[in-house]
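Please keep the view open while reading.

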Amino acid sequence: MFQDLFTYNTKEPWFFTEYSFLLVFGIFLLLYALVVNNKQWKKIYIILFSLFFYYKSSGPFIGLFALMILSDYIFAHFIYKKEGRAKKLLLFLSLLYSLSFLLYFKYSNFFISNFNSILGTEFELNNLFLPIGISFYTFQSISYLMDVYRKEIPPAKNFTDYVFYMTFFPHLVAGPIVRAKDFLPQIEKPQIIRLSLYKESLLRIIVGLLKKLFIADYLGKYVEIIHQGPDGFTGGENLLSMYAYSFQIYFDFSGYSDIAIGIALLLGYRLKENFDNPYGARNITSFWRKWHISLSLWLRDYIYIPLGGNRKGVFNTYLFLFITMLVGGLWHGADWRFVFWGMAHGIALILHKGWTHFFPKQSEKWYYKILGIIITFHFVGILWIFFRATSFESAFLSINQIFTATSWIDFQGFWMTRPEVMYLLAFSSIIVFTSQKWKQKIIDKIYLIPTFFWIILIAIALQIILQFKDDVVEPFIYFQF
Amino acid sequence: MILLWSMEKENNTVSGEKNENSNSKGLIFWAGLSFVIPLTLIYFYSYSQHKISISGIELKKIFLEEKQEKRAILSASTQQSEEQSSLLHSSKLDTIFDPSPEQGERNLNDIEYTKTWNFGSNLDTTAQRILLMGDSECGGLCYQLNDYCQQNGHKLVLSFVWNSASIYNFAYSDTVNKIIEEFKPTYVFLVVGLNELYSKDIANRTSAAKLMAEKLSGIPYTWVGPANFMKDYGINNAFKLSAQEGTFYPTLNLTIPKGGDKRHPSQEGYKIWMDSLAVWVETKAKYKIKLAPPVKRNRHYRSRLINLNAAEYRGY
């Protein structure tokens, strides 16, 4: 067992949800208490654990990651010192270098297969394994280089700080995408760990684990059944699968973000929130301000605004918006389904922008709010089908079933045969559509639990998860991006 | 407790600069313990032989047992398939059934079932009172079995089609007992599992399958596994381990054409399935009965047929 703990196993990479990780993390914290008040030792200790974590998650790709960190650090210092064309050239080279890893591992097969199908060539596809988290840390690297280029931040003071920022394990493999300008200042002035912070972080971790293992994984089983062959199921079953996946992806990713934020907090660092009740959004623009916030902001700051933003006329604004969402779609995966998904969101954002241009005042009547939430949720949900389906054909089959083969009888039968899925869908709806104000009231009550009982709370949560979870824990959905 | 007390004191009093600007080591240490203690206990419990129940609910372990069991099954099945493969290679000729002029033609799909078990060649050639029961797949198979029964002089006393049913419906209801009592079959075909291919509560379903096997004990039977168009999560193994040795027919090895709904076999699929099953029952099953291939297919179905839906009638 102990030998397994220190070696990389491709079949069992480390996730936050692995109990072996949580146990090692607990031991890590016990020792962390010894170095927490010594800045230098603390940094080195966290860096070593982060590298170990990445090695357990991605094995030999740690070398690739190290190479990227080193080159970024050197490039950034040169970029900061130079001016004019040399500076631009350096930025171009550094971005090209950072992006080359992502382009090769994630997109080379996509380009080759499209090239083959267009020109009828038969170039062989590469047998590639996508390093976990590459999309996230490449975007972090780009943001750092761009910020240094724009002189929004100076380069990291020393190599240790930069390694610390890039490798910090809570955000390493699936975000949130942390900006250097938000994180580097915290390295010198981390938060003081007090009782309130302790409770907040533990609650985030517990909630994250429950979201992922208790809700998302269970709903995922049902979604998987439907997407094996959507035309073999009724419209009602496909519709419920659409709802189930909408909740699954939310609980999966927000669960991960909760754990990441909770773990970072325990170490004294605050990562920015990645979700803000997204299914409560009244329109698609609002949805993108609440869903995967770190990515939305990244796309805005490093694609939309550099393209011209809203400074170059109405038509160009819409065009830039469309391009930005297209890149966002492609970031999620090298497949036309993701491109389509991004484009559809881009078009929806344009339409909504056009709508607000003609009707700038938003009605505050409660029924308009509910109508807006329902329309937005269903629009996003239908597009999630393209995200989840195994092919375009399968996605269209599922949508076709929803619109042509749904009847009330389906739901009655479903209720009889899969009541547990219905209970979970109802439970999920309550959670995602309840306002943050109400949730905060419950959280405040939980904070009243005395410190000693938190250990019991964790024990109960871990055992509840064991009682209900499956023996196969699904990897976090966003690990693939 | 002293640690906790000092921790609370440290955090709740703002008495000095040192307290303000330094982390609570005690609190971080306590956070570490908050993970280490419960997880150590969970691991310790998972590795121990003991089982703890609270209010009748057994506390689950970190799947160590299931992982070990899965590995054992996997290694056993790999070994078995290797053995089968080598035997198959050396014995293909023996397995090709030589049809008599009065019989129809055999489907060659059945070759792969040779040499799986050897219970001797005590083929029961007497006429049987056959009961076919199962989920919706049974609704397609009954017409093929009808052909076989008429060819071989058996009486298909009832086809009991329980649509959308799972092993729970069959095992935990007294419906099966009542049917057996009323129709007094001398041979039973049970076709179940399609609706639980994705189930992962294998332990619970294994218990139900064992109960079902007990219900059938005393009557010669063949338990027919579901036609798998997609991977299952162990339900076939659970049924196979629960049924008496040599009574479980693993359909998953067959390639069966899909029907229009993509969930059930096509008419041709049902024919292939029944042909293969018949060879297996005649040659490899624990309870062998005569099932020569029919000369005439698609005969008029004259037996009784009960059609239920688990969505409306659960049986318990």
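**From a strand pair to the cores**

In this predicted model, strands β3 (residues 129–134) and β5 (residues 187–191) of chain B pair in the parallel sense, over 5 bridges. Within chain B, Gly134(B) stands opposite Val191(B), a residue of β5(B).

The two strands belong to an open sheet of 6 strands in chain B, ordered β7-β6-β5-β3-β4-β8, with parallel pairing. At the edges of the sheet stand β7 (248–249) and β8 (304–309) of chain B; each has a single partner strand, so one side of each is left without a neighbour in the sheet. Helix α7 (residues 175–183) of chain B lies across β3 and β4 (155–163) of that chain, and runs at about 165° to β4(B).

Some totals put the sheet in context. Chain B has 10 helices and 8 strands. Of its 316 residues, 40% are buried. Among contacts in chain B with a separation of 6 or more, 75% are between residues 24 or more positions apart.

Helix α4 (residues 62–81) of chain A has 20 residues and reaches 29 Å from its first C-alpha to its last, close to the 28 Å expected at 1.5 Å a residue. Its buried residues are Phe65(A), Met68(A), Asp72(A), Phe75(A), Ala76(A) and Ile79(A). Seen down the axis of α4(A), the buried residues fall within an arc of 110°, so they line one face of the helix. Gly63(A), Leu67(A) and Lys81(A), on the other side of α4(A), are exposed. What covers the buried residues of α4(A) includes three helices of chain A: α3 (39–58), α5 (84–119) and α6 (134–149).

The last step is to look at buried nonpolar residues. In soluble globular proteins, nonpolar side chains tend to be buried together. Here the largest nonpolar core has 128 residues, and Leu29(A) and Tyr165(A) are those with the most contacts inside it. Helix α11 (residues 235–267) of chain A gives the most to this core, with 19 residues.

Which residues does Leu29(A) touch, leaving aside those up to four places away in sequence? They are Leu266(A) in chain A, and Ile28(B), Ala31(B), Gly32(B) and Phe35(B) in chain B.

Terms used. Residues numbered from 1 in each chain as written. Chains lettered and ligands numbered in written order. Predicted model: local features only at pLDDT ≥ 70, side-chain atom pairs only at ≥ 80, totals over all residues. Core = buried A, V, L, I, M, F, W, Y, C linked by C-beta atoms within 7 Å. Buried ≥ 20, exposed ≤ 12 C-beta atoms within 10 Å, placed from the backbone. Helix = DSSP H or I, 4+ residues; strand = E, 2+ residues; numbered from the N terminus. Contact = placed C-beta atoms within 7 Å. Pairing = 2+ DSSP bridges. Axes fitted to C-alpha atoms, helices over the stretch in contact; angles between N-to-C directions. Expected span 1.5 Å × (residues − 1). Arc of directions from axis to C-beta.
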